[in-house]
Amino acid sequence: MNLLVPFILALGAYTLLSSGLLLMKFGIPWTFREAHLSKGRRRRLFFLWLLGFLLSNLCVVPQTMALKTLPAPTVSAMAGWGILVLVFGAGLLLKERISGRQRALALLVVLSLALVPLLPSQGVQGSLHPLRLLFVSLLPLVPLSLLKVLGPSKAAVLWASVSGYSAAMIVLLLKALTSLFGLRISLYFESPWLYLYLFFSLLSFLSLQMAYRKGKLITVGPLHYSLSLLLPLPLSTFVFHQTLPLLLWPLLFALAAASGLLLRESPESIAP
């Protein structure tokens, strides 16, 4: 099986997502009533924001097509490429100097991503265990129940963790849908996993906003993105009973660490 196309689709998905987030970030001033903008300027910013919103939501199309062939951890690993687009795109638009440390971390991310397609068993499909998927879907209830007893800084870490976990669940649930129905989208509406997917999409977005509200960018962003990169591997192994290459574990840890450190160097690139 030729895996080049699914890998290109996965890269394209995260390129769309990050490009959309960048456009939304730079178009967001249209929502500020206190901003003294001309009517034409506000309209242009609105269309920029709207284009970003559409692009970020279109990413699910190539992502779903990639998940038909590739394991969930492999597709989620391509988020490392999305982080590069986010950080360097923001740096370019803000006309900021890219440091040597950022270049070194970016090189580590690229090398890690380049090694992922070379690992064996990337096209091997596992069998879905519905009860296990339901079990991992309920896990966020545990940390959320602790919110009332936590201070703002710890609550920010918890919200960021829930957001990262939810982002991982989005990939896992899409994988469940493609493993059951392939690309027959009309059948997705008959499955409860689609509605859980929509729930986690909303939870990931809202949790991240709460984390940004209560915590620091330099903590929240790296934690969210690192968890969304790492968690699909243990979750997928558990839910799909899928044997994945052992080298994928250290590779994803290196990718998540490099991506997290890169985001700590450029927290403004992930500011809401």
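Me: In this predicted model, is Val-5 buried, partly exposed or exposed?
Reply: Val-5 belongs to helix α1, which spans residues 4-27. Buried requires under 20% relative accessible area and exposed over 50%. The relative accessible area of Val-5 is 47%, so by these cut-offs Val-5 is partly exposed.

Me: What distance separates the C-alpha atoms of Val-5 and Met-65?
Reply: Along the chain, Val-5 and Met-65 are 60 residues apart.

Me: Why are the buried residues of helix α7 on the same side of α7?
Reply: Helix α7 covers residues 130-138, and its buried residues are Leu-133, Val-136 and Ser-137. They lie on the same side because the arc they cover around the axis is only 105 degrees. In general, an α-helix has 3.6 residues a turn, so residues three or four places apart point the same way. For α7, the value that settles the matter is the arc of 105 degrees.

Me: Which helix gives the most to the lining of the largest pocket?
Reply: The largest pocket has a volume of about 1300 Å³. Among its 40 lining residues, the closest to the centre are Leu-17, Leu-21, Ser-56, Phe-205 and Leu-208. Helices supplying at least two lining residues each include α1, α2 and α9. With nine residues, the helix that gives the most is α11.

Notes. Residues are numbered from 1 along each chain as its sequence is written. This is a predicted model: local features need pLDDT of at least 70, side-chain atom pairs count only at pLDDT 80 or more; totals for chains, interfaces and linings use all residues. Side-chain values use heavy atoms; hydrogens and water are left out. Buried means under 20% relative accessible area, exposed over 50%, partly exposed in between (1.4 Å probe, protein chains only). Helices (H or I, at least four residues) and strands (E, at least two) are DSSP runs, numbered from the N terminus. The arc is that of the directions from the helix axis to the C-beta atoms. On a 1 Å grid over the protein atoms alone, a cavity is a set of points where a 1.4 Å probe fits but cannot get out, and a pocket is an open set with protein on both sides within 12 Å along at least five of seven lines; lining residues have an atom within 4 Å of a point. Grid points are joined across faces, edges and corners, and a volume is the space filled by probe spheres set on the points.
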